[in-house]
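Dear colleague,

Please find the structure below, together with its sequence. My notes on its aromatic side chains follow it.

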Amino acid sequence: MKLIIEKGTLRDADELGRLYDDLNDFLACHTNYPGWKKNVYPTRDDAVEGIEEGNLLVARTEGKIVGTVILRHRPESAYALVNWQSDWDYSNILVIYTFAVHPEYLNKHVGKQIMNFILEYAEEMKMKAIRLDVYQKNIPAIRLYESCGFQYIDTVDLGYSEYGLDLFKLYQCIL
C-alpha cells in the first residue's frame with residue numbers, strides 16, 4: 001500500500017477526530033496497548049493543536065487518512081530525569097507524539113511506513129536524534145520502534161497514573 005505523508009491542515013481535523021474515535025472504540029474492545037481512552041486522549045483537539053503548531057503529519061492512501069503522528073522539538077518534563085547519553089538541545093531532536101494508525105489499517109505496515117518516513121524526514125532536517133515514550137505494556141509499538149533502530153534508555157512516570165498508565169519506556173534513535 002502506497003502512502004502519501006504530508007503536513008495536516010485544519011481541513012483534516014474532523015477526519016483525524018474520527019480516526020482517534022475509531023481507534024479508541026477498537027481499543028476499548030481489544031487489548032488497549034497504549035492505554036488511550038475515548039474523549040480523553042487523543043481527541044480532535046489534540047489534532048488541531050498539532051496542526052496549528054505545524055507539527056502534525058497525516059498518512060493517506062486513496063485520499064483517506066490512515067495514520068498520523070505529531071513531531072515536536074519539545075520533550076515531556078520527565079525526559080530531563082534520565083541520561084540520554086548526549087546533551088543536544090531539543091532544536092536538534094524530534095520527539096514523537098500521538099502516533100496513531102486507523103484500526104482498519106493495523107498490521108498492514110502503515111506504522112512501519114510512517115516510522116521510515118520520520119527517520120528520513122529527521123535526517124533531511126539534520127536532526128541528531130528522535131526520541132519517544134511508550135506505555136510499558138504497549139508491546140506492538142515497542143517492537144516497531146526497536147525494529148526501526150530505537151534504543152531503550154530508561155523507564156519513567158509521566159504522571160498519567162490516574163488513567164492507569166504508570167510507567168513509560170523512553171527510546172531514542174541517534175541519526
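**Charges over rings, and aromatic pairs**

Arg72 lies over the face of Tyr97, at 4.8 Å from the ring centre; a charge sits over a ring if NZ of Lys or CZ of Arg is within 6 Å of the ring centre and within 35 degrees of the ring normal. Please bear in mind that this is a predicted model, in which local features need pLDDT of at least 70 and side-chain atom pairs count only at pLDDT 80 or more, while totals for chains, interfaces and linings use all residues. Residues are numbered from 1 along each chain as its sequence is written, and side-chain values use heavy atoms, with hydrogens and water left out.

There are eight aromatic pairs in the structure (rings of Phe, Tyr and Trp, the last by its six-membered ring, with centres within 6.5 Å; planes under 30 degrees apart are stacked, over 60 edge-to-face, the rest tilted). One of them is edge-to-face because the rings of Tyr152 and Tyr171 have their planes at 70 degrees, with centres 5.9 Å apart. This pair links distant parts of the chain, 19 residues apart, with Tyr152 in strand S6 (residues 151-156) and Tyr171 in strand S7 (residues 168-174); strands are DSSP runs of E, at least two residues, numbered from the N terminus.

Tyr171 is buried, at 1% relative accessible area, whereas Tyr152 is partly exposed at 40% (buried is under 20%, exposed over 50%, partly exposed in between, with a 1.4 Å probe and protein chains only). Tyr152 also has the charged end of Lys169 over its ring, 5.6 Å from the centre.

Finally, Phe99, Tyr145 and Phe150 form one aromatic cluster.

Best regards

Technical notes. Helices (H or I, at least four residues) and strands (E, at least two) are DSSP runs, numbered from the N terminus.
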